[in-house]
Amino acid sequence: MTTFYEKAGGELFFSDLVSRFYANVAVDPILRPMYPDTDMKAAARRLQLFLEQYWGGPTTYSDERGHPRLRMRHGGFHIDGAARDAWIACMKNAVDGMEIDPEIKVELWKYLQSAAIHLVNQPD
Ligand code: HEM
């Protein structure tokens, strides 16, 4: 059985997606201050490994970090509607800049958007 991870293009696809996303985060006035001053590479790697694992690729994320528990891991960040929308906009711009099979794109986007909505932890 072919996994979504493979259909999307494997590691190259996810590294491309995540590097585009972080290029947007790096200049986003709401998101940038939430990340370490200098090096966002470690955060980018965690997101890439998480997404690869989520879509049926290697389980390196959990080998290194344990169960994802994304809501818990985001508990320390102030994620209101504006932060959610900023995250979604950075990701939308990344996804739209890539050539992706339309079916893959729909499924990927549905997940990313609903995951972001689920991680909101502050009222507006
Ligand atoms: C809703 C808006 C979001 C904001 C503001 C946000 C912000 C952050 C921040 C500041 C970090 C810490 C950076 C680091 O890893 O050192 C982080 C980590 C992470 N985020 Fe998000 N995030 C959001 C949504 C999402 C979504 C939708 C996903 C998954 C689809 C995600 C996946 C992750 C992962 C996997 C980590 C690393 C967790 C770990 O292993 O410690 N985030 N996020």
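So, to start: is the crossing in which α2 passes α6 left-handed or right-handed? Right-handed is the answer for α2 and α6. And before I go on, keep in mind that this is a predicted model.

Let me stay with that helix pair for a minute. Helix α2 covers residues 10–25, and where α2 packs on α6 the angle is about 135°, with the axes 8 Å apart. That angle makes α2 oblique to α6. Who makes the contact? From α2 we have L17, R20, F21, N24 and V25, and from α6 we have C90, M91, N93, A94 and V95. By class, the residues of that contact come out as seven nonpolar, two polar and one charged.

Okay, on to the ligand. There are 20 residues around it, and the closest are A43, R46, F50, W87 and A115. The largest share is from α3, with four residues.

Last stop, H118, which lies in helix α7. Is H118 buried or exposed? H118 is exposed, because 12 other C-beta atoms lie within 10 Å, and the cut-off for exposed is 12 or fewer. One more thing on this histidine: H118 and H74 are 44 residues apart along the chain, and their C-alpha atoms are separated by 11 Å.

That's my tour, so over to you.

Notes:
Residues are numbered from 1 along each chain as its sequence is written. This is a predicted model: local features need pLDDT of at least 70, side-chain atom pairs count only at pLDDT 80 or more; totals for chains, interfaces and linings use all residues. A residue is near a molecule or strand if its C-beta atom, placed from the backbone, lies within 6 Å of it. Helices (H or I, at least four residues) and strands (E, at least two) are DSSP runs, numbered from the N terminus. A residue is buried if 20 or more other C-beta atoms lie within 10 Å of its own, exposed if 12 or fewer, and partly exposed in between; C-beta atoms are placed from the backbone. Axes are lines fitted to C-alpha atoms, for helices over the stretch in contact, and angles run from 0 to 180 degrees between N-to-C directions. Angles under 35 degrees count as roughly parallel, over 145 as roughly antiparallel, 65 to 115 as roughly perpendicular and the rest as oblique. A crossing is left-handed if the near helix is turned anticlockwise from the far one by less than a right angle, and right-handed if clockwise. Two residues are in contact if their C-beta atoms, placed from the backbone, lie within 7 Å. Ala, Val, Leu, Ile, Met, Phe, Trp, Tyr, Cys and Pro count as nonpolar, Asp, Glu, Lys and Arg as charged, and the others, Gly among them, as polar.
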